[in-house]
Each structure stands twice: as C-alpha cells, then as structure tokens.
Amino acid sequence: MKDSINATKLKKRILTGDRPTGPLHIGHYIGSIKKRIELQDEYESFFIIADLQVFTDHIEKYAEIQNNIYELMADYMALGLKPSNCFFVQSCVPELAELTVYFSYLVGMSNVIGNPTVKQEAKVYGVKNMSFGFVGYPISQAADILGFRPQLVPVGKDQLPHLELTREIARRFNNTFNKEVFQLPEPLLSECPSLIGTDGKNKMSKSLNNAIFLKNSEKELKKKVMSMYTDPNRIHPTDLGNPDKNPIFIYHKLFNPNTNEVKDMEDRYRKGKIGDVEVKEKLFVALNNMLEPIREKRNKLIQDKSFINDILSEGNKRARIVVAETLEKVKTAMCVNYNFKRGS
Ligand code: TRP
C-alpha cells in the first residue's frame with residue numbers, strides 16, 4: 001500500500017478532459033482518448049468533465065448535461081480508461097471556481113478578447129451576445145489545469161491558446177507574488193488531431209451529422225458506412241482511383257488492423273479493380289469488430305449507473321483535496337491566508 005502511494009507520488013501528472021455535450025464518436029477516440037489510454041499507467045491522470053463550460057455556448061442544453069456525463073463516462077470506461085484514474089466533474093470541485101477568481105486579476109482584457117478559440121466559438125452566438133462567463137472561460141480552464149499542477153496537458157490544437165494563457169497566468173503569478181508556486185505545464189499534441197467525417201468534407205462532429213458514435217448499433221453503423229462519401233469522380237469500379245484523400249481508406253488505415261487487406265484494396269483501387277461497395281463492406285466489418293465489445297460494455301454501464309456514480313464521487317473527493325492544496329499555496333503567496341477563520 002505504502003509503495004503504491006510512493007509510486008503515485010513519483011509519477012508525473014497529466015490533466016485533460018472534455019465538455020459533456022454528448023456521446024463520443026470514433027474521431028474522439030482516435031484523436032484524444034487513445035492517447036490517454038496509452039498514458040494512464042505512466043502518469044497520475046486527472047480527467048475533468050467540464051460541465052460548466054457547456055454554459056458558455058450551449059446554455060440551452062442545461063437539462064441534458066447530467067445524462068451526457070453518464071454517456072461520456074460509459075464511453076471512457078468501455079474504451080479502456082481505468083476507473084482508478086481520477087475522473088471528476090468541474091462543478092463538483094468548487095475550489096476551481098475560487099481559483100478562477102484569484103487568477104482573473106492577472107489577466108488583461110486584451111488577452112481575454114483576443115483568444116482565437118473563444119472568437120471561433122463566439123460565431124455560434126455572435127460576439128455581442130457573449131456572456132461574461134463565456135469570454136472568461138479560458139481563465140476558468142487555466143484554473144482547471146493549474147489547480148492540479150500537472151506537467152503535461154494532452155490536448156488538440158484548438159486548445160493551444162488556452163494552454164498558452166494558462167502558462168502566462170502561471171508565469172505572472174510566480175512573478176507578481178515572488179514565489180514559484182506553479183511550474184509551466186507543457187501541451188502534448190496528439191498525432192491525429194481531427195478525423196474527417198463520413199461526409200468527406202468536414203471534421204467529424206455531432207452537430208454536422210457526419211459522425212460514427214461508439215454507441216451506434218450494428219445496423220446504424222452499417223448504414224453510415226455504406227452511405228459514406230467516396231470519390232464522386234469515380235463512377236465505375238474500373239475507373240482508376242486515388243485512395244489517399246478518400247475517407248473510406250483514411251478510416252481503413254486507422255481502424256482496420258489487417259494491413260495486408262488494406263494494402264491490397266489500395267492497390268486494386270488505384271488500378272480500377274475494386275468497387276466502393278467491397279471497400280465499404282470490409283470497413284464495416286473492421287469497425288464493427290472494434291466497436292462491438294465497446295458497445296456492449298457501455299450499454300451495460302449505462303443501465304446501472306451506480307458504478308459511474310462511485311467513480312465520480314471518489315474522483316471529486318480526490319480532486320477537491322488536490323485543488324485545496326493548490327489554493328492554500330495560492331492564498332499564502334497572495335497574503336490572503338489570514339489568521340482569522342473564513343467560517344465554514
Ligand atoms: N475545453 C475543453 C473542451 O472543449 C475541455 C476542458 C475543460 C479541458 N478544462 C480543461 C481540456 C482542461 C484540457 C484541460 O473539450
């Protein structure tokens with residue numbers, strides 16, 4: 001027992017997470033969750049479910065958040081993230097909100113308004129209608145990260161401006177209060193940041209209706225794969241094709257473990273010796289082999305939520321302890337750790 005505690009202490013930390021906006025699709029898996037699974041044994045891992053962030057640009061979805069948290073957790077577990085990692089819900093760790101307030105004094109208005117990710121997301125609402133909480137959420141995200149004092153933050157490219165702000169806040173904090181409370185966390189970009197959707201046009205995304213979800217039934221999966229976009233200029237199976245930018249082949253390369261089969265199909269595709277239907281059918285088989293056990297596991301987990309409830313209760317408790325430690329350091333450095341009690 002003692003050894004395992006020591007081992008945990010020696011491990012470096014990672015922190016990353018997601019907004020609970022719906023179930024995960026295969027683009028999430030390949031772009032971020034796969035990396036987390038690879039890292040989870042080597043690092044002490046904290047995974048935030050950022051429920052409050054849903055209020056930034058999707059406040060109307062407030063009533064779906066709880067269900068989305070279950071969907072997300074079921075997907076995580078089914079994919080192979082271990083329940084022994086720390087999974088927690090942002091709003092269940094109020095210390096993060098407190099830390100956000102302290103950090104907010106270190107950030108200039110120009111940093112807040114100029115954030116490229118916020119600007120991009122603001123297009124949904126229009127800049128004029130953005131809430132105060134929306135423009136300020138990168139500060140809250142900096143608290144999510146620095147609260148855990150992690151060395152590494154595995155994220156996609158779109159999150160880099162937030163990480164830059166986080167590092168800036170850490171720097172400014174240390175300089176302003178003349179104490180090395182924070183080390184600067186490093187981003188860890190995944191090799192496959194975004195997967196093309198089944199429409200062959202846009203990044204896979206729930207709102208664009210071009211996503212293959214882990215929870216999709218065998219029937220739904222088949223329908224989605226068989227109606228995937230291929231190459232509109234290739235009308236007959238005998239036409240010479242180019243597999244390189246073709247989403248069916250992109251998926252084969254990522255998800256079909258039978259590399260010989262994939263190579264053979266690419267060859268025949270180039271030579272005009274294979275039809276789209278065969279390529280799609282083989283893709284369906286490969287995807288279904290991968291997704292079947294995941295689907296079964298997640299459906300079981302969704303039926304009995306007590307397992308997920310236990311993981312989150314435990315995670316919230318652990319997260320609160322870690323962030324409370326950080327908050328103590330922050331308040332001490334800022335000389336607001338007064339001798340009189342704050343009351344309980
Ligand atoms: N902004 C992230 C997203 O949209 C979610 C998130 C919240 C996060 N806090 C974080 C990611 C801290 C990494 C680190 O998916």
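Surface patches are made of residues with over 30% relative accessible area and no salt bridge, where like charges are joined within 9 Å and nonpolar side chains (Val, Leu, Ile, Met, Phe, Trp, Tyr) within 5 Å. A salt bridge is a side-chain nitrogen of Lys or Arg within 4 Å of a carboxyl oxygen of Asp or Glu. The model is predicted, with local features requiring pLDDT of at least 70 and side-chain atom pairs pLDDT 80 or more, whereas totals for chains, interfaces and linings use all residues. Residues are numbered from 1 along each chain as its sequence is written, and side-chain values use heavy atoms, without hydrogens and water.

Leu52, Phe55, Ile59 and Tyr62 form a nonpolar surface patch of about 400 Å² (Shrake-Rupley method, 1.4 Å probe; for residues, only the protein chains shown count as cover). Leu52 lies in the loop between strand E2 (44–49) and helix H3 (54–57). With a relative accessible area of 40%, Leu52 is partly exposed (between 20% and 50%).

The ligand is surrounded by 13 residues, of which Arg19, Gln53, Gln141, Asp144 and Gln159 are the closest. A residue is counted if one of its heavy atoms lies within 4 Å. A polar side-chain atom of Gln141 is placed 2.9 Å from a ligand nitrogen atom. For Asp144, a side-chain N or O atom lies 2.9 Å from a nitrogen atom of the ligand, and for Gln159 a polar side-chain atom is 2.9 Å from a ligand nitrogen atom. Of the 370 Å² of accessible area that the ligand has on its own, the protein covers 90%. Strand E1 (13–18) and helix H8 (132–146) are the elements giving two or more residues to the shell, and E1 supplies the largest share, 4 residues.

Conventions. Buried < 20%, exposed > 50% of the residue type's maximum accessible area, 1.4 Å probe, protein only. Polar contact = N/O pair within 3.5 Å; in protein donor to acceptor, adjacent residues only side chain to side chain.
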